[in-house]
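Subject: Structure handover

Hello,

Here is the structure I promised to pass on. Please open it next to this email and follow along.

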Amino acid sequence: MKYMKKISLVIIVIVLFLITGCQKKTDLSKIPQDTGTTFLMDTLIQMKVYGENADDVIKESFARLREIENEMSVSITDSQISKVNNNPGKYVKIDRDTFLVIKKALEYAELTNGRFDPSIGPLVKLWGIGTKYVRVPADDEITQTRKKVNYKWVEINEEEYSVKVREGMMLDIGAIAKGYAADEVRKIVINNNVKSAYVNLGGNVLVVGGKPDSTPWRVGIQDPRYNRGNVMTSIDVRDKTIVTSGNYERYFEQDGIIYHHIIDPMSGRPSRSGIISVSIITNNSFDADALSTSVFILGPEKGLELVNKLKGVEVLIIKENLDIIMTDGLKSKVKLLNDDFKIVGK
Ligand code: AMP
Ligand code: MG
């Protein structure tokens, strides 16, 4: 009798194993979906959306991104930001989107003691990184141009959505506009009842839900030494944003020195904080974008200190010497794909 019991137990186990083992995984390719790629906001935009209405969601998202670009680009002469820059000394009424972005940028300027500064425009223009006018400026040009940068001279009126700058100033919200835009795309995705989507605005990634086969989205972190597509780790996420600021995004090299696009207002030169890449992982892209640029300039110690003050924010910092520093919440999630990198404490 005992023997029979044992046999039936074994049979039950085998049957259970066969049932679960043979259960087919969701075949993602059979689920209605669409992907879209375009070039907007000076960067490559990619979307993958699952759902019957995926095509419409992508179209609506791209239209919204185009709208935001037209409002916030410094190189578009009739953008909202250009309107402010071209009318110094006057309060200029602008649309709600651009106002919210300037306001948030000023908050981060306060939070970082002006290392993040949306009035960085004159220095960005002087260096011309990523344009055909790129060059290493003379010291006195840098000194003179630095005098035009100070977020404390930007005045805003919340009732009217108006902004005033001084003569010679130039706002540049390139460090934060993509984050705002990514959150706006998420609103479109959710309003269209889509449960699963991936959005990448040139390294500014946001995912809605997990994948329809109930696995998380896997987001790669770029190896900062190489061109796009080489990842040094990937992180599994659901309903999160991963925003990276890196020295490889826009730069030029002269005499073995990399001059990149993130300028430290203190020196007037591309930031040399010992960091070459910062990824912020959190719930909203608007803050993540401001934070990634901020931490990049602040450096590992002060950057980590800032992130640790905030709730629900994780950071992965890559230093020049390829040391990796990260917040505790990431430690179990990050597996390095390359032995050149070394996870260290602080
Ligand atoms: P991100 O790639 O998000 O780190 O943003 C980099 C962009 O932000 C640059 O291309 C500039 O347009 C702008 N930027 C550069 N330096 C600063 C700074 N110190 N504070 C705020 N924005 C900056
Ligand atoms: Mg940023």
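Predicted model: local features only at pLDDT ≥ 70, side-chain atom pairs only at ≥ 80, totals over all residues.

**Aromatic rings**

There are seven aromatic pairs in the structure. Take Y50 and W217 as one of them. Their ring centres are 6.2 Å apart, and the planes make 40 degrees. That counts as tilted. Y50 sits in strand β2 (residues 43-50), while W217 sits in strand β8 (residues 217-222). The pair therefore ties together parts that are 167 residues apart in sequence. Are these two residues buried or exposed? Both Y50 and W217 are buried.

W217 has another partner, Y198. Here the centres are 5.8 Å apart and the planes are at 35 degrees, so this pair is tilted too. Y198 belongs to strand β6 (residues 196-201). This pair links parts 19 residues apart in sequence. Put together, Y50, Y198 and W217 make one aromatic cluster. As for W217, its relative accessible area is 5%. Buried means under 20%, so W217 qualifies.

**A three-stranded sheet**

Now find the open sheet with the strand order β3-β5-β4. Its pairing is antiparallel. Which strands stand at the edges? They are β3 (92-93) and β4 (155-157). Each has a single partner strand, so one side of each has no neighbour in the sheet. Three bridges join β4 to β5 (residues 162-164). In one bridge, E155 is partnered by K164 of β5.

**The helix on the sheet**

Helix α4 (residues 96-111) packs on this sheet and touches β4 and β5. Its direction makes about 130 degrees with that of β4.

Next, look at what is buried. The buried residues of α4 include F99, V101, I102, L106 and Y108. D97 and K104 are also among them. The elements that cover the buried residues include α2 (54-72), α3 (80-85) and α7 (177-191). α8 (285-298) is another, as are β4 and β5.

Finally, check both ends of α4. At its start, a side-chain oxygen of D95 comes to within 3.2 Å of the backbone nitrogen of D97. Just after the helix, N113 has a positive phi of about 55 degrees.

Best wishes

Terms used
Residues numbered from 1 in each chain as written. Chains lettered and ligands numbered in written order. Heavy atoms only, no water. Phe/Tyr/Trp six-rings, centres within 6.5 Å; stacked < 30°, edge-to-face > 60°. Helix = DSSP H or I, 4+ residues; strand = E, 2+ residues; numbered from the N terminus. Buried < 20%, exposed > 50% of the residue type's maximum accessible area, 1.4 Å probe, protein only. Pairing = 2+ DSSP bridges. Contact = heavy atoms within 4.5 Å. Axes fitted to C-alpha atoms, helices over the stretch in contact; angles between N-to-C directions. Polar contact = N/O pair within 3.5 Å; in protein donor to acceptor, adjacent residues only side chain to side chain.
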